[in-house]
Amino acid sequence: MHDRAAIRFACILGLVATAASAPGAAGGAAQLAPPAAATAAAAPAADPTHQVAAGTIIAGYVGEDMMIPMRDGVKLHAQVWRPRDNRGPLPILMSRSPYGYSMAQVTSVLTTSYKELAADGFIFVLEDIRGRLGSEGSFVNLRPRKTMANGVDESTDTYDTIGWLVANLPANNGKAGVFGVSYGGWTAALATIDPHPALKAVSSQASPNDMFIGDDFLHNGALRLDYAWSWVTALETDGRTMKPFDFGGETDAYAWYLKQHDLATLDRQQLGTSMPSWQNFVSHPTYDAFWKTQRTTSSLARRVATPNLIVAGWYDQEDFYGPMSIYRSQERGDAKGMNYLVVGPWNHGGWRGPGATYGPYDLGEATGAWYRSKVELPWFRYWLKGEGKLDQPEALVFQTGSNRWQRLGSWPLKRGTTVRSLYFHAGGKLSFDAPARGESVADSFVSDPADPVPYRDRALIKPFMSKASTWSTWIADDQAPFTQRKDVLFWQTDPLTDDITISGDIAAKLYASTTGSDADWVVKLVDVYPTDDSVAPALRGRQRMIANDVFRGRFRTSYTTPKPITPNAVLDYRIDLHSASHVFKKGHRIGVQVQSSWFPLINRNPQTHVENILRAVPGDFKAQTHAVYHTPRQASAITVAVVPQP
C-alpha cells in the first residue's frame, strides 16, 4: 500500500498523530554501516515501504531490519531505530502491532508521536506480530493465550523478542519497556504475563479488553457493523498488506450497509471467501467461551508485578471500555502500587498528536504534547534509565467542561461524590426530582429498521477507513439534530443555576416496552449549550456527547442465554454508560436521548426475535412501537456521581 494510504490507516487506528503530520516520503535517507549486531536473514516479501534499507536515517535515528527467532522457530520482523550519535548504553522501547510502519509512518513517529522520547534517546523496536507484514507464521486476530506448555502467544513472543534484543543489540542497558496504542496497547498489556526479567515497565494505551461487551467489535452484544467489516477485510484479506475494502465507489456507507441483507455471508458475497473474524461474529452470537477467553483481564496476572501506565481517552471511538476496565481489574491485585491510570480529552490515540482541540471544543492547551513530555517521558526515563523521580498520581484525570487535570488517589473516586438520579418526566423534562403521581405514563416512538437512526449526519457517514472519513471525531458531532426525529426521545433539565460536576460511573435505568420481541436501546448523556452569546457562535445550542452506549434487549437477563422480549411487557434495563469527569456549566442544560438504532455504527435489530441476528432475513425486520416509562413505580433515570458544590 502506498505510504499515504498507510498513514491514513494508521491515523484511524491511533498509531500516528495525523496524516498531515507525516511527510509523504522517507526523507533524509543516507547509508551507514549497520551496528555490529547479530542480525538474521532479510524479511520475507511484504509491502516494501515497511522494510528498512540498512543505514537509513530518519530524524537523527539510524534504522535496520531484523528477523528475530521465536521459541518455535518462527521469525518475526522488526525495525530497530537507534540514535545516530550512538549515545549509550540505552534502554529498549518496543511496540508490537499488526499494522506495520512504513518509512513515512516512522518519520511521523520520530518527529511527532514519539518526539519527546526520541529527543531523550531510546532504542526503538517496531515489531510486526505473527503473520503480519514482514513476520513469518500465521496471523490470528487477538491470538488466545497458549493452552500448552510449549505453545506460543503474544506474551511468549514478547518474552522471546526481549530476550533476543537484550542479548544481541549492541549498547543496550539491559532494560526494556513495551508500549503501544490499540492493538499495540493490547500486546503491551499481555507483555506483563510471565514477563521477561529485562521488562521493567509498560504503558498499555487504549487496549481492548472485552470485544463482546464494550470494545471494538461489539457493545453489549450488538455488532459495530462498519468498524467490524472494515477492520476485518483490511487485516484478514492479505496478511502482508493493509488494503481497505473497496466499496465500489460508494461513499455513502449508510446506504451501502442498508442494502446488505445477509450479513452472515457478507464476506463470501463481497470477497468470494470467508474471513475468520467475520465468521467468528456469526458463529458466536452470545457471550460464550470464545469471547470470555479472549477477555484481556482473564489472562493478566492477578498480582501486578510490572509497572503499567494505562492510558485512555474520554472520546475514544474504539476502545474506551478496555483501558478503564483493565485498570479497575488490575487494581484488585496491585499491592505494590504499580498500576496507574491516565484519562485525557482524547479520541483513539489522540495523545500522540497535539491534543489542543477535539472537534469544535477547545481543550485549553496542547494536552497530547503535555502528556508526552510531562507524563510518558518521565515514566520511561524513571523505569528504564533510572533518571528523575516518579511523580505520578494513582489517577491523572482530565475534567472536561473545565479543562483541568486532576491528580486523584483513585478512579472512580472512593469518597467525595453522591450518586444521584436524573429522572425522565412528561413533556421532555429531566430533573433530580422523582416522577409524581398524575404525570403521563410514557413516551413512545415507532422504530423502523428500514429507516434506522444514523449515528451522525448522513453526509458525514463514509466508510470508516476511506480517505473522506472523519470517523475519529464523530463523538464530537452535534447531537441536537437527532432530537428532531420522531424516533428519538429527548429529555432536558431547565437551565442550570449553578455548575454541576459529575465524576465517576454513569448508568441508565430504563423501564421500557416494545410491541416486538427484541429491541436495541441507545442512550446518550449530553451537555446542552446555551443559545445566547455566553458561548461561541459555533457552540450555541450544541449538544455535546458526554456518555453513550447501546444495549441489545435480548441480553437483558443474560449475555450467554438470550431470551425474546415479551411484547408490550414493561421491563427494566440497566445500561452501563461507563464514566465521565465533566462540569455542566451554569446556564447549560443536561440532556438525555433514547433511540433504538444507530446505523451503521451498530447493525440493525430486526425487532422480532431470531436465534442469530446476523442470519436474519429481510422478512424478520419489522417496525415496532417502543415506549419508555416515567411513573413513580417505573421511573426511568440516569444515575451520575455528583461532586457537591463547595
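There are 11 cavities of 30 Å³ or more in this structure. A cavity here is a set of points on a 1 Å grid, over the protein atoms alone, where a 1.4 Å probe fits but cannot get out. This is a predicted model, so local features need pLDDT of at least 70 and side-chain atom pairs pLDDT 80 or more, while totals for chains, interfaces and linings use all residues. Residues are numbered from 1 along each chain as its sequence is written, and side-chain values use heavy atoms, without hydrogens or water.

The largest cavity comes to about 290 Å³. It has 22 lining residues, and Asp316, Phe320, Ile475, Asn548 and His578 are the closest to its centre. Lining means having an atom within 4 Å of a point. Strands E22 (543-552) and E23 (571-584) each supply at least two lining residues, and E22 gives the most, with 5. The lining has 12 nonpolar, 6 polar and 4 charged residues.

The second largest cavity holds about 160 Å³. Of its 17 lining residues, Gly221, Pro285, Asn612, Ile613 and Leu614 lie nearest the centre. By class, that lining has 9 nonpolar, 5 polar and 3 charged residues.

Now the helices. H6 (residues 225-236) packs with H9 (residues 276-283) at about 140°, and their axes are 8 Å apart. Leu225, Ala228, Trp229, Val232 and Glu236 of H6 meet Pro276, Ser277, Trp278 and Phe281 of H9, with contact meaning heavy atoms within 4.5 Å. Those residues divide into 7 nonpolar, 1 polar and 1 charged.

Technical notes. Axes are lines fitted to C-alpha atoms, for helices over the stretch in contact, and angles run from 0 to 180 degrees between N-to-C directions. Helices (H or I, at least four residues) and strands (E, at least two) are DSSP runs, numbered from the N terminus. Ala, Val, Leu, Ile, Met, Phe, Trp, Tyr, Cys and Pro count as nonpolar, Asp, Glu, Lys and Arg as charged, and the others, Gly among them, as polar. On a 1 Å grid over the protein atoms alone, a cavity is a set of points where a 1.4 Å probe fits but cannot get out, and a pocket is an open set with protein on both sides within 12 Å along at least five of seven lines; lining residues have an atom within 4 Å of a point. Grid points are joined across faces, edges and corners, and a volume is the space filled by probe spheres set on the points.
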